[in-house]
Amino acid sequence: ELALIAGEARADVALRRLGAAGVFRLLDGRYRFTGATARWLAALPEGLAWAARRGLDLDPVDLLLLALVGAQPLEVARACLRRLALDGEPLDRILRAREGSGALAAALAAAATPSARARVLRGRSGLDVAWLWLTAEARLRARVEAALEGERRARPALGGEDVVALGVPRGPAVGRVLSEVRDGRLDGAIADRPAEVDYVRSW
C-alpha cells in the first residue's frame, strides 16, 4: 500500500492523513507523528520529482519510508521498518541514509569551493542525496543543486585512454588524474581540452 501511495501525484495528502489519524502507531506503539515528519511528507512529491530530474538512482518507497521514520529514535525507526518486513540490505540502506545525513549536511555546509562540495556528494547513493535535499533548508538545498549541476557540467573532455596516451600509467592513477581534472574544471582552473592536456602532462 505504501508503494502504491508513493506512486500517486499527491502522496503527501494520504500519508499526512494517516499520520494525523495515528495509523503509523500500528508499526510501533512508540511512533510519534511529528511536525518534521509532516513537513518532509509535504515535500515528498517535490523531492521525488527533483530526484527524477537529476537522474538519481532511487526507489521512491525508500525516500517515503525515510520521511516516515527519519524523526523517530533509532530503535523506533528500526522497529517500524522491520514491521514492514524490511531486513538485510534494504533495511541497512535506509538506516545508513538516516544516520549519515547529519554528517553529510555538515560536510557540504563546510565545503569552501565548488570542487570540495562536489567531492562531498561524489559517490553517494541517490537515496543519500535525495534525503539530504528533502530535509535541508533552502541554502543547503541550493548547495546540493549547485554541486550536482557543477559535476554534470565539469566532465573532462579527456577519457581514460587519452590520459594513458599522455603518459599516465594504467591503474588507479588514471581515475585520480581524471578526478583532479574535473575538480580543476569545477574551480575554474582548467577551462578546456588543451588545458586538460597541459595539466595531465605536468602531472
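Tutor: The discussion that follows takes up the overall fold, the packing of helices and a pocket.

Student: What should I know about the model and its numbering?

Tutor: This is a predicted model, in which local features need pLDDT of at least 70 and side-chain atom pairs count only at pLDDT 80 or more, while totals for chains, interfaces and linings use all residues. Residues are numbered from 1 along each chain as its sequence is written, and side-chain values use heavy atoms, with hydrogens and water left out.

Student: How many helices and strands does the secondary structure of the protein come to?

Tutor: Helices (H or I, at least four residues) and strands (E, at least two) are DSSP runs, numbered from the N terminus. Here there are 12 helices and zero strands. Along the principal axes, the C-alpha atoms fill a box of roughly 65 × 35 × 30 Å.

Student: How is the packing of two helices described?

Tutor: Two packed helices are described by the angle between their axes and the distance between the axes. Axes are lines fitted to C-alpha atoms, for helices over the stretch in contact, and angles run from 0 to 180 degrees between N-to-C directions. Angles under 35 degrees count as roughly parallel, over 145 as roughly antiparallel, 65 to 115 as roughly perpendicular and the rest as oblique.

Student: At what angle do the axes of α6 and α8 cross?

Tutor: Helix α6 (residues 88-110) and helix α8 (residues 126-135) cross at roughly 60 degrees, and their axes come within 9 Å. α6 is therefore oblique to α8.

Student: Which residues of α6 and α8 meet?

Tutor: Contact means heavy atoms within 4.5 Å. From α6 come Arg 93, Ile 94, Ala 97, Arg 98, Ser 101, Leu 104, Ala 105 and Leu 108, which meet Leu 127, Asp 128, Trp 131 and Leu 132 of α8. These residues comprise eight nonpolar, one polar and three charged. Ala, Val, Leu, Ile, Met, Phe, Trp, Tyr, Cys and Pro count as nonpolar, Asp, Glu, Lys and Arg as charged, and the others, Gly among them, as polar.

Student: How does α3 pack with α8?

Tutor: Helix α3 (residues 35-53) packs with α8 at an angle of about 135 degrees, the axes being 9 Å apart. α3 is therefore oblique to α8. Their contact includes Trp 40 and Trp 50 of α3 and Trp 131 and Trp 133 of α8. It divides into 10 nonpolar, two polar and one charged.

Student: What is the relation of α5 to α6?

Tutor: The axes of helix α5 (residues 74-83) and α6 come within 11 Å and cross at roughly 155 degrees. The two helices are therefore roughly antiparallel.

Student: What lines the largest pocket?

Tutor: On a 1 Å grid over the protein atoms alone, a pocket is an open set of points where a 1.4 Å probe fits, with protein on both sides within 12 Å along at least five of seven lines; lining residues have an atom within 4 Å of a point. The largest pocket holds about 280 Å³ of space. Of its 15 lining residues, Arg 54, Leu 56, Leu 148, Glu 151 and Arg 152 are the closest to the centre. α9 gives the largest share of the lining, four residues.

Conventions:
Points joined across faces, edges and corners; volume = space filled by probe spheres on them.
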